[in-house]
Amino acid sequence: MKIISEIKRHNLLGRSGAAFPTALKWELVSKAKAKEKYIICNGSEGDPGAFKDGFILENYPQEVIAGIKIALEAIDNSSAYLYLRKDYYKKFDKKLIKGLDIKLFKKTGGYLAGEETSVCAAIEGERPEPRIKPPFPSESGLWGCPTLINNVETFYCVAKIAQGKYEKKRFYSISGAVKNQGVYELPLSWSIERILAETGNLPKGKFFLQAGGKALGEVLLPSELKRQVKGLGAIVVYDSKTDAMALLRKMVEFFLVANCDKCTPCREGIYRIGQMVKKGEIDKKALADIFFVLENTSFCALGSGSVLPLKSLINKLL
Amino acid sequence: MKITINKKKVTAAPEETILDVAKKEGIEIPALCFHSDLKIKASCRLCLVEIKGRPGLYTACSTKVEPGMEIVTESVKINKARRINLELIFAQHQEECNDCVMNFNCELLGLARKYKININRFDDRKKGLPVYEFGPSLIFDSSKCIDCGNCIDVCQQQGIGYLEKKEKGNLYRVVPAKNKECIYCGQCLVHCPAGAFEAVGEFEDIAKPLEDKNKVVVFQIAPSIRSSIGEEFGLPHGSVVTEKIVAGIKELGVDKVFDVCVGADITTIEESLELIERLESKKNLPMFTSCCPAWVRFIESYHPELVPNLTTVRSPQIILGGLIKTYWAQQEKIDPERITVVSIMPCVAKKYEITREELNINGLRPVDYVLTTRELAKLFKRKNIDLKNIKPQKIDNPLGLPTGAGVIYGASGGVMESALRTTYKKLTGKKLLKVEFKQIAERTKAAEVKIGNQLIKVATVSGIGNAKKILENNPYDYVEVMACPGGCIGGGGQPMLADEEIRKKRAASLFKIDSRKKIRFADENPIVKKLYQKFLKDKKIVHSICHTKFYEQN
């Protein structure tokens, strides 16, 4: 199929944070044999430091819908869902999908309800909890049918590719202790430092930042900014007055609220880390052990992903 | 396909998981939240394995085998991860090993020993969490819960959903639902790997029935326990130990031991008469069995409109208990008030059943105590009675000699089989050969039986979730329902954590007993015949001992 080979040629990676090759997903779902298939445009944007999906939905909704329409054409027997977090759902102009086989769905639950298998569970009316993979949604997703789930920005990129206007850019959400907070569409290849500099956001004094999302992003020091942003295109800048322990407490609190409590390491591990930061006494051996099981044995990427921000913050600033 | 597991080459089928294959090969992988009755959750994160060529650890319960896979089930990394996760699990679970349904046969404890973990590395997070009592049947101590979700899943599978997850202070907890009724089937209990559920009185009150020395104590044993209690003493699954149980009970100092199967023979006769009556009048069809108190409670709580469809016949333990305190008391010239009847049941709902006041006869309960299979085993162990090596003893007369029809009450389909035998004989004068049942849905079988000119449609089903499906589309005349999977052999009072394989062995043994019995028709039981001639002579007495009524509960 032409569009899929075009996506492949541009080496488009999913913009949800997981950076999965988009063409591969499309190929799997389009090749699957089924009487019903689903396409889900994921606009759940649960990371507290990301707001680029909201920005795209507000400024470029036609492109997003065009991207979904391309998927509807590329994948036989398919119908689509636009899965939006509550405020995006409210704002979305329903006229845009009039006459199209696209249903709007209001997100239920919190951060984890944006994980792809949780999205399927939520649409099916179940508790938005991650499901066992494999089977991956491309094989058995919504109601057990092959399902293509892509982020809002990914569909935007597909539309750009189809129009021949894709320029290898991504949307960066920049927030925190900066002058010009906002969303910027800039080249993928730029380093964090350059992004901050070009947007007038590079702080003059001491600072540190979190790149890749406020939830799962790594904490980086000014000397570490020659790299590109991984995960979500979100950069959160903290100034020198930031209390690292208080930030750690906030991070742990976020995971405590966001996780689903299904698997042992994430439910109990995060709870134990929470107890340690609450008391302000960190048992290094226990912490290392908990990080080990979180990283290696968590059910989903939330548990394993929680280690990077926590570990980098503790190691670099505490 | 060929795979290797711990360097051993083995053959596996495509749909199998790594855990399936390991089990077949006798390789132990700890898997707390896994139960073959339930959907795979992969939440305890103990069944970790490594796969050559793939980074990270995989859960054996949820990972399917692929050709050429090379699996390692023990390594430094695996053991480290298992150890830490076990310590985290123990950090939730408040231990109460001395008074636990697991009776030291506990996987959790076994793993703690095997992996040499410090079970108190972290303080008990759930200390002080509530203990819930579900009627006179079940206790849920939520401070022992390890959040595996087995109880929630099995309760869903039962179609009840009484147990649910609720968020409290950013953590989910298992709690009973406020707007629902528990039916007391006890499947949560026998599927909980942490011993967080127990029967009411288990094990604190088990010696109570033996304490009052002025009483004549009579034990009656349920059909299904004879093929299950042996497991508690290391005997192979399905071992039939009827006379060893009798010997054990006698050693406890009990005066008489009778067989609930004799009560079952009477239930069969009465139920058959009622079926014939309803088929003639075409009223209240289909007729549903009512010997399973959890099923009865389900109907009374969730489908009161179907109460008239339940047979009014009392369950076997209640009928035999009633006879012990009337007929047998008269024969032996004992004041019924001096008699304590103790039923040994595979069931926790039976603890509730005996509290139903409408069953009382002359102000006395037909049965005073119900002990589960597990509780009797515990009682034996406390008194150092080893069922494995005890010399068998014959059961007592006259209420100890059942037909094969009475024995099969303990397995799904048994009540139906017994009732059909007697009904067919009554209506045609001939013996029913074999009824061909067809599996029509999960744990659901149906058949059409030609009796004279009549064609009657019957079905047997176990599991309330499956029974609910039958209620939706019900063309039957007579339906047997048991709340537990496979019937009473899978009951909530049985030895812990049985799976389908074990339940099948328990059931097969009961049907084997039946096939070897000379008398296989309830109505041909000499004791029962005598009872009808000498005691159950008129409608009034039959009614007071053998029938009851049901009503909407709430």
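The largest nonpolar core of this predicted model has 251 residues, where a nonpolar core is a set of buried Ala, Val, Leu, Ile, Met, Phe, Trp, Tyr and Cys residues joined through C-beta atoms within 7 Å, and buried means that 20 or more other C-beta atoms, placed from the backbone, lie within 10 Å of a residue's own. Residues are numbered from 1 along each chain as its sequence is written, and chains are lettered from A in the order in which they are written. Local features need pLDDT of at least 70, and side-chain atom pairs count only at pLDDT 80 or more, whereas totals for chains, interfaces and linings use all residues.

**The core**
- The residues with the most contacts inside this core are I235(A), Y184(B), W295(B) and A483(B).
- Leaving aside neighbours within four places in sequence, I235(A) is in contact (C-beta atoms, placed from the backbone, within 7 Å) with residues including Y172(A), I192(A) and V229(A).

**The contact between the chains**
- Chain A contributes 19 residues to the contact and chain B contributes 23 residues.
- On the side of chain A that touches chain B, α10(A) gives the most, with seven residues; helices here are DSSP runs (H or I, at least four residues) numbered from the N terminus.

**A pair of helices**
- The axes (lines fitted to C-alpha atoms over the stretch in contact, with angles from 0 to 180 degrees between N-to-C directions) of α10 (residues 264-279) of chain A and α2 (residues 76-90) of chain B come within 10 Å and cross at roughly 65°.
- T264(A), P265(A), E268(A) and G269(A) in α10(A) meet N85(B), L88(B) and I89(B) in α2(B).

Technical notes: Helix = DSSP H or I, 4+ residues; strand = E, 2+ residues; numbered from the N terminus. Contact = placed C-beta atoms within 7 Å. Buried ≥ 20, exposed ≤ 12 C-beta atoms within 10 Å, placed from the backbone.
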